[in-house]
Amino acid sequence: MKFIAVLVATACLVSGIQAADTLLDFVTGNITVQLNTLNANVLTFNTSLTAGDSQVRQAFNSWNSALKNGVVAIQNRFQSYPTLSSSGLASVLSTLGSVSYNPLATDPSLSSLNSTVQSAAQQTISQLTMAVQNMTSQPLGIFSASCLLKYGLALTAKPISLSRFGECLTNETARLAIVAQNVSSAYASSATFAQSLFSLSSICTVPTVAQLTTSGASPYTPSTQCIQAYLSDMSQIPTYVMFADSARWSQTGLIYSRVQRCATFVQADIQDSINRVQNSFGTCLSTGK
């Protein structure tokens with residue numbers, strides 16, 4: 001009788017050890033698979049970001065070209081009048097030439113999203129690994145193997161899934177497209193506004209070159225005060241990039257907030273689920289259920 005009890009205990013010990021090793025291998029392999037899914041989601045998000053960047057960059061280039069052409073046209077119109085100083089226009093052109101496009105990927109909010117999600121995922125992996133260690137380090141008993149199998153599998157099924165973190169990013173890909181469209185539209189609107197400013201130059205009286213070159217005293221002189229005031233306003237042209245680009249900041253900030261909250265909530269939900277599995281496993285070791 002004692003021999004049979006020892007034999008049963010030995011069998012339970014062996015099966016328990018095998019179950020523990022199997023659980024560790026299975027959870028480790030599952031983490032790798034889920035991380036691959038998460039990385040694929042990150043790639044999808046980054047692809048959407050690149051596509052949005054391409055759209056906005058094209059809008060920026062069109063904006064910059066339109067403003068340069070407009071300034072050059074005004075410069076050409078006034079260059080025949082030596083009494084007028086158009087040095088400010090040269091400065092405007094120089095500034096427009098140095099204005100650079102800021103890619104969406106370098107946005108402080110968007111550039112930190114990947115690390116935010118990956119950090120939450122890595123913390124969850126640590127919590128999951130610790131749970132496996134706790135479960136496999138329990139004293140082996142008659143129910144160890146069956147309990148490890150039952151509740152060990154629960155550690156690899158939803159809601160305990162690292163791929164859920166990737167959904168925090170993919171849920172925002174549509175929003176990225178909207179942000180790109182809005183920023184592109186803002187550049188187009190800024191260029192239209194600049195064209196309106198260019199057309200205001202017609203308000204100022206400007207004589208023709210033929211009228212200026214007539215012999216004797218000429219009654220034809222440019223409206224100096226009007227034109228100088230106009231040229232002064234032209235110095236604000238390069239700042240239009242800030243008005244256009246500001247369309248992105250509030251929107252990218254909202255994307256960051258949503259992804260951050262999503263990652264925090266997913267991490268908390270998975271942690272709660274891991275705790276429930278461990279509690280149920282502890283009960284199972286005593287009751288077999």
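This is a predicted model: local features need pLDDT of at least 70, side-chain atom pairs count only at pLDDT 80 or more; totals for chains, interfaces and linings use all residues.
Student: Which residues of α4 are buried?

Tutor: Buried means under 20% relative accessible area, exposed over 50%, and partly exposed in between, with a 1.4 Å probe and protein chains only. The buried residues of α4 include L113, T116, V117, A120, A121 and T124. An α-helix has 3.6 residues a turn, so residues three or four places apart point the same way. Over the chain of 289 residues, 38% count as buried.

Student: What does the secondary structure of the chain come to?

Tutor: The chain has 10 helices and 0 strands. Helix α10 has 48 residues and reaches 72 Å from its first C-alpha to its last, close to the 70 Å expected at 1.5 Å a residue.

Student: Where is the kink in α10 centred?

Tutor: The kink is centred on S246 and comes to about 30°. The bend at a residue is the angle between axes fitted to the seven residues ending there and the seven starting there. After α10 comes G288, with a positive phi near 80°.

Student: Why is the pair of F60 and Y187 called edge-to-face?

Tutor: Rings of Phe, Tyr and Trp (its six-membered ring) pair if their centres lie within 6.5 Å; planes under 30 degrees apart count as stacked, over 60 as edge-to-face and the rest as tilted. By this rule there are 4 aromatic pairs. The ring centres of F60 and Y187 are 5.7 Å apart and the planes stand at 80°, so the pair is edge-to-face. The pair links distant parts of the chain, with F60 in helix α1 (residues 2–78) and Y187 in helix α7 (residues 173–199), 127 residues apart. Ring pairs also join F60, W63, Y101 and Y187 into a cluster.

Student: Are F60 and Y187 buried or exposed?

Tutor: The relative accessible area of F60 is 5%, so F60 is buried. For Y187 the value is 1%, and Y187 is therefore buried.

Student: What makes the contact of R164 and D269 a salt bridge?

Tutor: A salt bridge is a side-chain nitrogen of Lys or Arg within 4 Å of a carboxyl oxygen of Asp or Glu. The side chains of R164 and D269 meet at 2.8 Å, N to O. The pair links distant parts of the chain: R164 is in helix α6 (residues 163–170) and D269 in helix α10 (residues 240–287), 105 residues apart. R164 has 17% relative accessibility and therefore counts as buried, whereas D269, at 29%, counts as partly exposed.

Student: How many salt bridges does the whole structure hold?

Tutor: The search finds 3 salt bridges. One of them joins E172 and R258, whose closest N and O atoms are 2.8 Å apart. E172 lies in the loop between α6 and α7 and R258 in helix α10, so the pair ties together parts 86 residues apart in sequence. E172, at 6% relative accessibility, counts as buried, and R258, at 28%, as partly exposed. E167 and K158 also form a salt bridge, at 3.7 Å, N to O. E167 is partly exposed at 34% relative accessible area, and K158 is exposed at 58%.

Student: What kind of peptide bond joins K158 and P159?

Tutor: The bond is cis, with omega about 10°. Most residues other than glycine have a negative phi, and most peptide bonds are trans. P159 is found in the loop between α5 and α6.

Student: How do you know that L149 is exposed?

Tutor: Its relative accessible area is 55%, so L149 counts as exposed. L149 lies in helix α5 (residues 144–154).

Technical notes:
Residues are numbered from 1 along each chain as its sequence is written. Side-chain values use heavy atoms; hydrogens and water are left out. Helices (H or I, at least four residues) and strands (E, at least two) are DSSP runs, numbered from the N terminus. The expected span of a helix is 1.5 Å times one less than its number of residues.
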